[in-house]
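Please look through the structure shown below before reading on. The report that follows takes up its pockets, a hairpin and a helix in turn.

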Amino acid sequence: MVVNSCCHRAYNIKGTEIQIKMFDDRLVFETPGDLPGLVRPDNIRHTHFSRNPKIAQYLKAYNYVKEFGEGIDRICSELETKGCAIPSFHVDAFILKATLMAEWTTENEFDRSSTVQVPSNYRPSSVQVEKLVQLMHDEYLNVSKMMELCGIKHRMTFRDNYINPALSDGSIERKYPDQPNHPKQMYRLTEQAKVWKLNNID
């Protein structure tokens, strides 16, 4: 992840650097720069675009990488082999944030029923997710209603900055968890998000 951040950050952005933030339940890699070319959070694993081709060539020449464009897919494959959750990606302003959850916080664990004990160290992974948690309640909502609550009009922006990271950090859950693309898919707060909201929001 560190090598990938060094290779793909936008070096024209001044005043900030690559940051690695360690929490009890996750690592967050913050890399200056939006996603380049046709790369988006939902296709980042298999869509390749080199922002800094000379740096990429240097890294390959000195064996920091094996093949061009394999970084994210290789990271995900290694994690999947070990039974771990793959990173989630979202863009916050001009910073790309990659969140790598601890092994015990896999998506399957977050999808368990509400009778499961709530992890005490849960918190929303971004300002956008925290806003979503503040505005949602117990009932299931469709995407249109969620966008209306948050004041967001662009569906892709809402998906990348709100829904995907909220699913990844366990803030919301699907009504049809085994059918992510269900035409009537809806979302609601998880038990841990409701507990966090109760204890942290006035």
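## Terms and basis

In the classes used here, Ala, Val, Leu, Ile, Met, Phe, Trp, Tyr, Cys and Pro count as nonpolar, Asp, Glu, Lys and Arg as charged, and the others, Gly among them, as polar. This is a predicted model, in which local features need pLDDT of at least 70 and side-chain atom pairs count only at pLDDT 80 or more, while totals for chains, interfaces and linings use all residues. Residues are numbered from 1 along each chain as its sequence is written, and side-chain values use heavy atoms, with hydrogens and water left out.

## The largest pocket

The lining of the largest pocket comprises 17 nonpolar, twelve polar and seven charged residues.

Helices (H or I, at least four residues) and strands (E, at least two) are DSSP runs, numbered from the N terminus. At least two lining residues of the largest pocket come from each of α3 (71-81), β3, β4, α6 (143-150) and α7 (155-168), and α7 gives the most, with seven residues.

## The second largest pocket

The second largest pocket holds about 700 Å³ of space, and among its 38 lining residues Asn-4, Cys-7, His-8, Gly-71 and Ile-72 lie nearest its centre. Two or more residues of this lining are given by each of α1 (2-8), β2 (26-32), α2 (53-61), α3 and β4, with α1 giving the most, five residues. By class, the lining of the second largest pocket has 21 nonpolar, eleven polar and six charged residues.

Strand β3 (residues 88-92) has five of its five residues buried (under 20% relative accessible area, with a 1.4 Å probe and protein chains only). Ser-88, His-90 and Asp-92 are covered on one side, and Phe-89 and Val-91 on the other.

Five bridges join β3 to the antiparallel strand β4 (residues 95-101), and Phe-89 stands opposite Ala-98 in β4. Two residues lie between the strands of this hairpin, where Ala-93 takes a positive phi near 60°.

## Helix α8

In α8 (residues 191-200), the residues Gln-192, Ala-193, Trp-196 and Lys-197 are buried. They lie on the same side of α8 because they cover an arc of only 135° around the axis, taken from the directions from the helix axis to the C-beta atoms. The face turned away from this buried side carries Leu-198 and Asn-199, which are exposed (over 50% relative accessible area).

Methods: Pairing = 2+ DSSP bridges. 1 Å grid on protein atoms, 1.4 Å probe; cavity = no way out; pocket = protein on both sides within 12 Å on 5 of 7 lines; lining within 4 Å. Points joined across faces, edges and corners; volume = space filled by probe spheres on them.
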